Amino acid sequence: MASLSAPTNLKCEYEVNPIGIGSISPRLSWQMDDRRRGARQTAYQVIAGSEPGENDLWDTGRVESDASVQIPYAGSTLRSRQRVYWRVRIWDQDGVETPWSSVSFFEIGLLDQRDWRGEWITLPEKEHPVPSPAIYLRNTFELDDQVEDARLYITARGVYIPYLNGQRIGGDRLTPGWTDYNIRIRYQAYDVTEQLRKGVNAIGAI
């Protein structure tokens, strides 16, 4: 009998290895990789940890269920900017377990308004021409060393396009997406580690 394949296509909130998740109970999904006639999942086990392969944050144990979509994380309470590594194994219709899946991760965003250190940037009211064109913003900052890990958390009351050292950040369009700005403003999180460099850096936005 051929060995079973590990679960595949692991996702969190419908995304692969997302960052900036705005929930402490994000939903996890995976797929059974088995083409045998009648193959089905009868149980699963998810572990999650602060390092790949660990289970210090969550271990479901064996759960008798065929569910594999929107399984809410229910482990240790998560904090802003925390990264969680997770993987899953399942049992088939004959009670045979698969190998563990490859490790995936998700990263929590800014959960509390107090996590935001910046303030809104705009022109003084009297300098706004009518009609107002897009505003170009740019600033420089200096790093003493190459960074190990960096995130850009950004939003706007309108539409924005961010740049770092001449490179556009992300491929999203019409961010942050329309909402009633008096009630809620969505934000995006980007991994900008590779765009940063030792020395002078320039950040800009339109």
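What joins the side chains of aspartate 34 and arginine 36? A polar contact of 2.7 Å does, where a polar contact is a pair of N or O atoms within 3.5 Å; within protein, one must be able to donate a hydrogen and the other to accept it, and residues adjacent in sequence count only if both atoms are side-chain atoms. The model is predicted, with local features needing pLDDT of at least 70 and side-chain atom pairs counting only at pLDDT 80 or more, while totals for chains, interfaces and linings use all residues. Residues are numbered from 1 along each chain as its sequence is written, and side-chain values use heavy atoms, with hydrogens and water left out.

Aspartate 34 belongs to the loop between β2 (27-31) and β3 (43-49). Apart from neighbours within four places in sequence, aspartate 34 is in contact (heavy atoms within 4.5 Å) with Leu4 and Ala39. Serine 80 is 46 residues away along the chain, and 37 Å separates its C-alpha atom from that of aspartate 34.

The overall layout comes next. The chain has 14 strands and zero helices; both are DSSP runs, numbered from the N terminus, with helices (H or I) of at least four residues and strands (E) of at least two. The radius of gyration is 22 Å, whereas a compact globule of 206 residues would have one near 17 Å; the radius is taken over C-alpha atoms, and the globule rule is 2.2 Å times the number of residues to the power 0.38. Along the principal axes, the C-alpha atoms fill a box of roughly 75 × 40 × 30 Å. Of the 206 residues, 35% count as buried, meaning under 20% relative accessible area, with exposed over 50% and partly exposed in between (1.4 Å probe, protein chains only). Among contacts between residues at least 6 apart in sequence, 66% join residues at least 24 apart.

The structure holds six aromatic pairs, counted when the centres of Phe, Tyr or Trp rings (for Trp, the six-membered ring) lie within 6.5 Å; planes under 30 degrees apart are stacked, over 60 edge-to-face and the rest tilted. One of these pairs, tyrosine 73 with phenylalanine 106, is edge-to-face because the ring centres are 6.1 Å apart and the planes stand at 75°. Tyrosine 73 lies in the loop between β6 (71-72) and β7 (83-91) and phenylalanine 106 in strand β8 (residues 104-107), so the pair ties together parts 33 residues apart in sequence. Tyrosine 73 is buried at 2% relative accessible area, and phenylalanine 106 is buried at 0%. Together with Trp58, these two residues form one aromatic cluster.

Asparagine 165, between β11 (162-164) and β12 (167-168), counts as buried because its relative accessibility is 17%. Its side chain reaches the backbone oxygen of glutamine 195 at 2.8 Å. Leaving out residues up to four places away in sequence, asparagine 165 touches residues including Gln195, Leu196 and Arg197. Threonine 193 is in the loop between β13 (188-191) and β14 (199-205) and is buried, with a relative accessible area of 10%. The side chain of threonine 193 reaches the backbone nitrogen of alanine 150 at 3.0 Å. With residues up to four places away in sequence again set aside, threonine 193 touches several residues, among them Gln146, Asp149 and Ala150.
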